[in-house]
Amino acid sequence: MKFLPLLIANLFRKKLRTSLTIGSFAVALFLFGLLVIVRGAFSQGEEIAGADRLVVINKTSMIQPLPISYRDRLLRMDGIKQVTYQNWFGGVYQDPKNFFPQFAIDVADQRAMYPEFNISEDQWKAFVEDREGAIAGKSTAEKYGWKVGDRIPIKGTIYTGAWEFNLRGIYDGTRPADDTTQFWFHYDYLDERRTFGKGDVGWYVLRVTNPDLSVRVAKTIDSEFANSPFETKTDTEKEFAASFVKQMGNIEFLILTVGGVVFFTLLLVTGNTMAIAVRERIGELAVLKALGFSNRFVLILVMVESLIVAFAGGGLGLLLAKLFSLRGDPTGGILPYFYLPPIWIVAGIGTALLVGTAGGILPAISAMRLRVVDAIRRV
Amino acid sequence: MVRVDGNGGAASLIHVRGLDKKYTRGGEEIHVLQGLNLDVDSGDFVAFMGPSGSGKTTLLNLLGGLDVPSAGTITVAGDEITHMSASKLTGWRARHVGFIFQMYNLIPVLTAFQNVELPLLLTKLSKSERKQHVETALQLVGLGDRMKHYPRQLSGGQEQRVAIARAIVSDPTFLLCDEPTGDLDRKAADEIMDLVGRLVKEYGKTVLMVTHDPAVAQQAQVTLRLEKGSLVGAPEGAAKP
């Protein structure tokens with residue numbers, strides 16, 4: 001603590017330079033935070049996927065349907081405990097930019113298949129009893145100011161026409177990463193009103209009796225429906241989510257590349273700044289050594305300065321990223337899980353300190369090795 | 001008593017024998033100090049004079065443990081410093097040597113108080129004890145009312161007085177002054193030399209000083225000249241008592 005005034009005085013020696021270096025760290029770590037948020041948003045499905053759930057889609061494409069008759073055939077297979085199905089609706093609420101996913105669901109089995117979604121017993125009962133009933137995720141309901149009992153008009157884009165639903169319940173997730181933007185309504189209501197695709201479902205979700213058997217069960221399903229008009233492709237929910245993300249490109253690679261370039265640039269900036277800071281203080285560092293401060297002290301002094309700048313800038317950047325994430329999804333529904341997890345804040349701080357160490361180590365070593373006699377002569 | 005003939009007793013505070021220092025510059029070997037002997041007692045005030053490049057500052061650096069000799073020994077208060085490790089020498093400097101440089105060498109971002117406090121940060125003194133020592137040192141050099149001033153807010157003479165306070169605050173065994181008035185006008189230089197004289201006379205400090213200025217050198221009890229790597233000008237090894 002007694003060396004604190006010396007440390008602070010050195011940090012504020014060139015206020016503009018220190019501020020700009022802190023600013024560089026802040027911008028880089030803000031970007032880091034955003035990349036993590038976006039990556040998390042894309043891979044959220046993978047992270048929260050149920051270990052014992054499989055997704056069955058049409059082998060040709062996910063947008064191709066499967067017949068509802070598959071439900072009973074799937075239930076008869078060994079290793080399958082439970083089956084439900086869903087269908088993408090793709091409607092518009094008031095304005096096309098108001099995006100949230102709408103699914104026609106199998107009312108009988110949806111709730112048991114997704115125990116991670118919380119909804120009160122009364123609300124679920126009211127939903128089941130109302131053929132035009134619907135349930136909305138908490139964030140979507142909050143976003144549009146919906147209350148239970150509201151009439152929700154949605155314009156169909158695939159299944160054209162005006163559709164109206166009675167909001168009977170609002171569900172919430174049990175984990176922060178759970179998607180609370182979905183809108184569910186009765187599959188029977190959809191099937192009754194649509195003019196094409198009657199008896200088709202978008203995909204099946206099923207629960208296996210033993211997660212260790214998932215791969216075997218998936219193979220059995222696909223071979224069961226091989227050479228039929230509706231061949232299937234079965235994956236675990238995690239693989240399904242991952243393949244969904246891959247359709248949008250290699251997000252992970254993009255993040256690593258952009259992040260790597262940013263941090264390498266930052267490393268050069270920090271190293272250069274610390275080198276300049278040491279070079280212009282050679283005489284002072286020499287005086288400290290002459291007074292009896294050890295080489296190790298000088299090394300630590302320079303390193304701590306570098307780390308403080310890294311910590312302050314990194315912390316500021318991550319704080320801004322966190323605040324930004326708290327404002328919610330800025331894309332209007334494409335990235336419903338817009339969240340910066342604490343573990344990544346810690347990782348960001350760690351990375352900033354690592355860059356601070358790497359940037360400060362060479363100047364610190366040169367300060368440590370400084371020969372007092374030579375340095376004093378240069379003053 | 002100051003002697004340069006190598007016949008001083010081992011009881012001298014500073015005891016230098018056969019001191020050699022060689023540099024290699026541009027492939028050429030330069031023999032700066034050659035077999036130099038010196039004995040300085042506690043409370044002596046010695047001035048070193050000589051032409052540029054004669055080795056005055058080199059001698060001061062060697063005596064202060066900032067540089068290592070090519071040959072010979074330096075013993076200060078019984079400690080032979082020429083064979084000490086770098087880390088031991090650093091600790092030894094903190095305890096025994098007070099440096100006063102020509103360019104003051106204050107830390108510009110620290111106040112006068114904080115500059116003077118620097119050597120005490122290496123001791124185990126408490127904050128209040130350090131404060132007391134720093135205030136005493138600054139009052140002694142006449143800057144009790146300038147403690148919160150930064151070096152840029154002080155005149156050259158005042159800066160050098162802060163440097164002197166920094167040099168004496170930890171009560172070192174001896175002071176090394178390298179051209180302490182070299183950057184000052186005559187009036188400020190006289191004030192600084194009066195202060196150094198007081199440190200010797202009233203507080204019994206041992207001072208070794210390098211200067212180009214004969215008027216400044218006159219303030220010392222003994223003036224030694226460095227020529228061709230050896231100390232000369234003191235008949236029978238002893239200078240002005």
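This briefing walks through the contact between two chains and a few local features of each.

The model is predicted, so local features need pLDDT of at least 70, side-chain atom pairs count only at pLDDT 80 or more, and totals for chains, interfaces and linings use all residues. Residues are numbered from 1 along each chain as its sequence is written, chains are lettered from A and ligands numbered from 1 in the order in which they are written, and side-chain values use heavy atoms, with hydrogens and water left out. Chain B and chain A bury about 2,000 Å² between them.

- Of the roughly stated total, about 2,000 Å², 68% is on carbon and sulfur atoms.
- Chain A gives 23 residues to the contact and chain B gives 23 residues, where contact means heavy atoms within 4.5 Å.
- There is one salt bridge between the chains, a term for a side-chain nitrogen of Lys or Arg within 4 Å of a carboxyl oxygen of Asp or Glu.
- Arg371(A) forms a salt bridge with Asp67(B), and their closest N and O atoms are 3.1 Å apart.
- Helix α2 (residues 86-96) of chain B supplies three residues, the largest share of the side of chain B that touches chain A. Helices (H or I, at least four residues) and strands (E, at least two) are DSSP runs, numbered from the N terminus.
- Five residue pairs, both at pLDDT 80 or more, are in polar contact between chain B and chain A. Such a contact is a pair of N or O atoms within 3.5 Å; within protein, one must be able to donate a hydrogen and the other to accept it, and residues adjacent in sequence count only if both atoms are side-chain atoms.

- Phe293(A) sits in the loop between α11 (282-291) and α12 of chain A.
- With a relative accessible area of 1%, Phe293(A) is buried (buried means under 20%, exposed over 50%, partly exposed in between; 1.4 Å probe, protein chains only).
- Leaving out residues up to four places away in sequence, Phe293(A) touches Phe3(A) and Leu288(A), along with Thr90(B), Leu118(B), Leu121(B) and Leu122(B).

**A nonpolar patch on chain A**

- Leu316(A), Leu319(A), Leu320(A), Leu323(A) and Leu326(A) make a nonpolar surface patch of about 470 Å².
- Patches are made of residues with over 30% relative accessible area and no salt bridge, with like charges joined within 9 Å and nonpolar side chains (Val, Leu, Ile, Met, Phe, Trp, Tyr) within 5 Å.
- Leu319(A) belongs to helix α12 (residues 295-326) of chain A and is partly exposed, at 48% relative accessibility.

**Inside chain B**

- Helix α1 (residues 56-63) of chain B is largely enclosed by the rest of the structure, because seven of its eight residues are buried.
- Those buried residues are Lys56(B), Thr58(B), Leu59(B), Leu60(B), Asn61(B), Leu62(B) and Leu63(B).
- After α1(B) comes Gly65(B), with a positive phi near 70°.
- Asn37(B) is part of strand β2 (residues 28-40) of chain B, and a polar atom of its side chain lies 2.8 Å from the backbone nitrogen of Gly18(B).

**Positive phi outside glycine**

- Asn227(A), in the loop between α8 (214-224) and β12 (232-236) of chain A, has a positive phi near 60° and is exposed at 76% relative accessibility.
- Asp171(B), in the loop between α5 (156-168) and β7 (174-178) of chain B, has a positive phi of about 50° and is exposed at 54% relative accessibility.

Conventions:
Accessible areas come from the Shrake-Rupley method with a 1.4 Å probe; for residues, only the protein chains shown count as cover. Buried area is the accessible area (1.4 Å probe) that two parts lose on being put together, summed over both.
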